[in-house]
Amino acid sequence: MSRLVVVSNRVATPTESKGSAGGLAVGVFGALKDTGGVWFGWSGEIVGEGTANAGPEIVQDGAVTFATVGLSRRDYDQYYRGFSNAMLWPVFHYRNDLARYDRQEYAGYRRVNAWLAQQLLPLLKPDDVIWVHDYHLIPFAEALRLAGVKNRIGFFLHIPFPAPQVLLNVPPHDELVKSLCCYDVVGFQTESDLVAFGDYIVRQAHGTVSRDGRTVDAYGRSLRAGVYRIGVFPDDIAAQAKRFETRKDVRELKASLKDRKLIMSVDRLDYSKGIAERFRAFERLLETAPELQGAVSLVQVAPPTRADVQSYQHIRQNLEYEAGRINGRFSGLDWTPIRYLNRRYDRWVLMSLFRASQVGFVTPLRDGMNLVAKEYVAAQDPDDPGVLVLSRFAGAAAELDAALIVNPHDILDMSEALQRALTMPLEERQDRHRKMLAALRRNDLGVWRDTFLVDLRAVRPGMP
Ligand code: ADQ
């Protein structure tokens, strides 16, 4: 079989790929390990000031070649911190109010994509299949095509694709979608992302889209589009969640709860995750059900990310303020309502905390998929499962419709769902859990990867 080359903004280390990493890393590493292949991208290091020019650093681990490059300070500022995370991320999550456009940053975004493509070129073989991931790398295939690469190239967008009216807020929207059309296969997380993409193609780009949305003709190219829902490996998660139950930190947390009920939330610290609204819903619960004061705790794990982007500094300050305010209002001498933890945890520890909790509270304002929701379901004990309270704006809500689905803007709706979750009879919890677990099994991480790669391998190569 043709070799797989995976390209993503960040490349996990060999150790991360086998152990603590989630989602993309576990999924693609599995495929690379089986057939051998290359994983190419940024190492996470910032090297020098102008444009980085050292070639990729190669680490061979079994059949997998990890090829990473450093970015210069300027490249990082313009490509990563600037256009990717201060423009594309907010707009694609419907937060135009937080978006900031700078022409030089956009030029940097395209320049770094072209430079990364040049770095990959010497590693490519003629029949390699190239799979590019996420919004940082939309122009990557176009750059490879300009350099004469005729291989099959696919793209998967991990975040939502916004409705055309929203995408128009990105000044170079037309160039970006045109670049997207240089791929052979473009994959999305949900049906509504695919529909939004098709709408743009028809209304803005004056292209055509087949009735099922899967065949797209635009900008003089023909490509396939599709929905490939990213998943998890539920049985691995269940086994590890159970195994780690006896670990010291998990036992300590359980002991410190003293039979109080536990609501668990885990997110990167990001404004798209709806954490402030969630805190207010928990506050409302304590107001409307005073018997729960002292009887339930919310543990919110939220390690800071993108801390050098201004809107992330604001959300962090706001959450510290909200957690402090609510804790000041309700805490007792031996009870803190919200435990707000700004750090990363070992993945398997998180899974056993999920298993130890009564409610998984996952309420993003927008989310491509949200793997935490899937991990929460997978980690439960089927005999005594916790209840998932899930935002309708997470991609995962389309599959996990047996969760308690809430609107994250409706504080009362969320607090009522929490109350319902905390008092749900065992039989109903088991029934909902069974349905959700079946959905996870039907569409696990292997299915996501394999269906995408089958579609990519099926296209005719050599259409620059
Ligand atoms: P994210 O926005 O990062 O991913 P999510 O899908 O929930 O969101 O994945 C986060 C991962 O990080 C999970 O596996 C979670 O367990 C882990 N994690 C979170 N906090 C952690 C902590 N404190 N310590 C250790 N691990 C932690 C993007 C998109 C999503 C999409 C994924 C995958 O925004 O919508 O589901 O990519 O496609």
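Helix α13 passes helix α14 in a right-handed crossing. The residues that make this contact are M351, F354 and R355 on α13, together with E375, Y376 and A379 on α14. Sorted by class, the contact of α13 with α14 comprises 4 nonpolar and 2 charged residues, with no polar ones. The model is a predicted one.

**The helix pair**

- Two packed helices are described by the angle between their axes and the distance between the axes.
- For α13 (residues 347-356) and α14 (residues 371-379), the axes cross at roughly 65° and come within 8 Å.
- Helix α13 also lies across strands β11, β12 and β14, and it runs at about 140° to β11.

**The sheet of 6 strands**

- An open sheet is formed by 6 strands in the order β13-β12-β11-β14-β15-β16, and its pairing is parallel.
- At the edges of this sheet are β13 (338-341) and β16 (404-406), each of which pairs on one side only.
- From one strand to the next, the twist averages 20°.
- Strand β12 (residues 296-301) pairs with β13 in the parallel sense over 4 bridges, and L298 stands opposite I338 in β13.

**Strand β14 and its neighbours**

- Strand β11 (residues 261-266) pairs with β14 in the parallel sense over 2 bridges, with M264 opposite G360 of β14.
- On pairing with strand β15 (residues 387-391), β14 again runs in the parallel sense, over 4 bridges; the bridge partner of V362 in β15 is L390.
- The chain goes from β14 through α14 to β15, and this β-α-β crossover is right-handed.
- In a regular strand the side chains alternate between the two faces of the sheet.
- Strand β14 (residues 359-362) is covered on both faces: V359 and F361 are buried on one side, and G360 and V362 are buried on the other.

**The sheet of 10 strands**

- Another open sheet has 10 strands in the order β3-β4-β2-β1-β5-β6-β7-β10-β9-β8, with mixed pairing.
- Its edges are β3 (57-61) and β8 (208-209); each has a single partner strand, so one side of each is left without a neighbour in the sheet.
- Strand β1 (residues 4-10) pairs with strand β5 (residues 129-133) in the parallel sense over 5 bridges, and V7 stands opposite V132 in β5.
- Helix α17 (residues 445-458) packs on this sheet and touches β5, β6 (152-156), β7 (185-188) and β10 (221-227). The direction of α17 makes about 145° with that of β6.

**Two loop residues with positive phi**

- D259 has a phi near 65°, a positive value in a residue other than glycine.
- The loop that holds D259 lies between α10 (248-257) and β11.
- D259 counts as exposed because it has 7 C-beta neighbours inside 10 Å, and a residue is exposed if the number is 12 or fewer.
- N370 has a phi near 85°, which is likewise a positive value in a residue other than glycine.
- The loop between β14 and α14 is where N370 is placed.
- N370 is buried because 26 other C-beta atoms lie within 10 Å, and the cut-off for a buried residue is 20 or more.

How values were computed. Residues numbered from 1 in each chain as written. Predicted model: local features only at pLDDT ≥ 70, side-chain atom pairs only at ≥ 80, totals over all residues. Axes fitted to C-alpha atoms, helices over the stretch in contact; angles between N-to-C directions. Left-handed = near helix turned anticlockwise from the far one by under 90°. Contact = placed C-beta atoms within 7 Å. Nonpolar A, V, L, I, M, F, W, Y, C, P; charged D, E, K, R; others polar. Pairing = 2+ DSSP bridges. Right-handed = clockwise from strand over helix to strand, strands pointing away.
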